[in-house]
Amino acid sequence: SMKLKQFFRPLDASFSTSIAARTLLRSFFVALLLSLFGGFYVYLSSSFEREISQRRGYMSAAILEAQRFFTGHEILLKNLSLSAVPSGRNGVSPPAALSGETPLALGQGASAWTLWLTDRALNYLHEHQINVLYVKAGPTGHVERLTQSARHRLPIDQDIVSQLKVLERSPMPVKGEYWFNATPNLVIADSTSLYLFTLLDKRDPVSGWLGLEIEGRDISAAMDRKHAGDFVVLNAQGEEIFSSALNPGLRRAMQGLSNDRHFGFTGDGFLPDYLIMRNQLGYADLQVIYSMEFGRLLIALREPLLITLFLALVSTIGLGLLVRRIERQLITPAIYRKQALIESETFSRAVIQTAPMALCVLRRANGSV
C-alpha cells in the first residue's frame, strides 16, 4: 500500500493544482460545446431529411396529377379518333344521326370522314374548354375547328401544321399522339394553347389529323404545385415541349440525367443546384421533371436554421461566461495565492540561507521549535 501511495502521489498532486483545474474546466467547456454542436447537427440533418421527404411526396403527387391530365387527354383523343367513320367513299353515305348524336364532317371528297359525338361528349368538351381540330392531309394544311369550347380562340401557329406535314412525309410509321406548343420559349401561360394531334386512321396516311386544343391555364391548374417546384415536360425524343418557367440552369442540369426515373440533387459545385424528380408517364409517351432550386430549400429550412444558430450562439456565450466567472472567482485567486505563497517561501528561504546568524522560531503557546 505504501508503494501504491507513493506511485499515485505525483499524479494526485498534478490534478490538485489550480492550473490543472483550469485546464480541466476548459476541456469540459470544449467537450460540452462539441456535444451541443453534435446535437444541433443531428437536429438540422433530421429537419433537412424531413424536408426532402416532404418535397419528394409533393413531387410524386404532382407527377401523378400530370399523368392523369396527359393520359386523360390522350385517351380522349384516341376515343374520338375511333368514333370517326369514313364517309363519301364509293358512294357510301354516312349513317343517319341518332337522337342525342351530332355528326361532324372531316374533310371533303373521297377522304371525307364523319365524327360522331354524343351530347354528353360535347358537354364534356365544353365544360373542360377543349376544342376539337382537324387538319387535312396533303401539302396545304387547313385547320378546322370542329367545336368552339375554349375561351381563347387564337389563330393556330402554322409551325405546328408544318410539323404535322413533316410527320406525314416521314418514312417511319406514325405512332401515338403528339403534343405541340406554339409558344416560342415553351413556357406555359394562361393566354397560350397546347395542341395534341393523332392520325385519324393510322392505316390511312391521307385520313388527316384529329387534334385537341387545350388552354394553358388548364395545364397550369393541373401541374402547378406550390411545394413541388417548376416542371418541364419532355417528349419521347427528350425534347422539351413546355415548362412552367424559363430556366437555362435547369436545362443544363437535365442533360446529365440518363435514366427515365431519377430523384436527387444535381450540380457540380460544393452545394447542389437543384433537387430533381424525373418520371416517365404511364400511357403517355412523355417524361415529367419537377425541380426545385437548392436556395428555395434553404429558405424553407430557415426556421430550424435560425433556431440552431440562436441556440448555438446563446450556448457558446452562456457557457463561456460561466467558465470565465468560475475562473475569476475560484481558480484565478487560488493561482495567485499559490504564487504568493511560493514567492514568500522563496524569499524566506533566501533570507535564512544568506543571514550571518542562526534563526530559531518558537511557538508562543508551548515554546516548541
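Leucine 33 touches Ser315, Thr316 and Leu319, leaving aside residues up to four places away in sequence; a contact here means heavy atoms within 4.5 Å. This leucine sits in helix 2, where helices (H or I, at least four residues) and strands (E, at least two) are DSSP runs numbered from the N terminus. With a relative accessibility of 10%, leucine 33 counts as buried; the cut-offs are under 20% relative accessible area for buried, over 50% for exposed, and partly exposed in between (1.4 Å probe, protein chains only). Leucine 33 and leucine 319 are 286 residues apart along the chain, yet their C-alpha atoms are separated by 8.3 Å.

A word on the model itself. It is predicted, so local features need pLDDT of at least 70 and side-chain atom pairs count only at pLDDT 80 or more, while totals for chains, interfaces and linings use all residues. Residues are numbered from 1 along each chain as its sequence is written, and side-chain values use heavy atoms, with hydrogens and water left out.

Now for the chain as a whole. The protein chain has eight helices and 13 strands, and 36% of its 369 residues count as buried. Among contacts with a separation of 6 or more, 57% are between residues 24 or more positions apart. The chain exposes about 22,500 Å², with carbon and sulfur atoms supplying 59% of that area; accessible areas come from the Shrake-Rupley method with a 1.4 Å probe, and for residues only the protein chains shown count as cover.

Next come the strands, which count as paired if DSSP finds at least two bridges between them. Strand 12 (residues 274-280) is mostly covered, with six of its seven residues buried. Strand 12 runs antiparallel to strand 11 (residues 262-266), joined by five bridges, and threonine 266 stands opposite tyrosine 274 of strand 12. Strand 12 also runs antiparallel to strand 13, this time through seven bridges; there, asparagine 279 has valine 288 of strand 13 as its bridge partner.

Strand 13 in turn meets strand 9 in the antiparallel sense, over five bridges, with valine 232 opposite isoleucine 289 of strand 13. Strand 9 is mostly covered too, four of its five residues being buried. Three bridges pair strand 9 with strand 10, again antiparallel, and valine 233 has phenylalanine 242 in strand 10 as its bridge partner. The hairpin of strand 9 and strand 10 has five residues between the strands, and glycine 238 in this hairpin takes a positive phi near 80°.

Helix 5 (residues 216-223) has Gly216, Ile219, Ser220, Ala222 and Met223 buried. They span an arc of only 165° around the axis, so they fall on the same side of helix 5; the arc is that of the directions from the helix axis to the C-beta atoms. These buried residues pack against helix 2 (18-82) and several strands, among them strand 9 (230-234), strand 10 (240-243) and strand 13 (287-293). Strand 7 (193-199) and strand 8 (209-215) are also packing partners of the buried residues of helix 5.

Most residues other than glycine have a negative phi. Glutamine 129 is in the loop between helix 3 (119-127) and strand 4 (130-135), and counts as buried because its relative accessibility is 13%.

Finally, the surface. Tyr43, Ile307, Phe310, Leu311 and Val314 form a nonpolar patch there, with about 430 Å² of accessible area together. Patches are made of residues with over 30% relative accessible area and no salt bridge, where like charges are joined within 9 Å and nonpolar side chains (Val, Leu, Ile, Met, Phe, Trp, Tyr) within 5 Å; a salt bridge is a side-chain nitrogen of Lys or Arg within 4 Å of a carboxyl oxygen of Asp or Glu. Helix 8 (residues 302-354) supplies the largest share of the patch, four residues. Phenylalanine 310 lies in helix 8 and counts as exposed because its relative accessibility is 54%.
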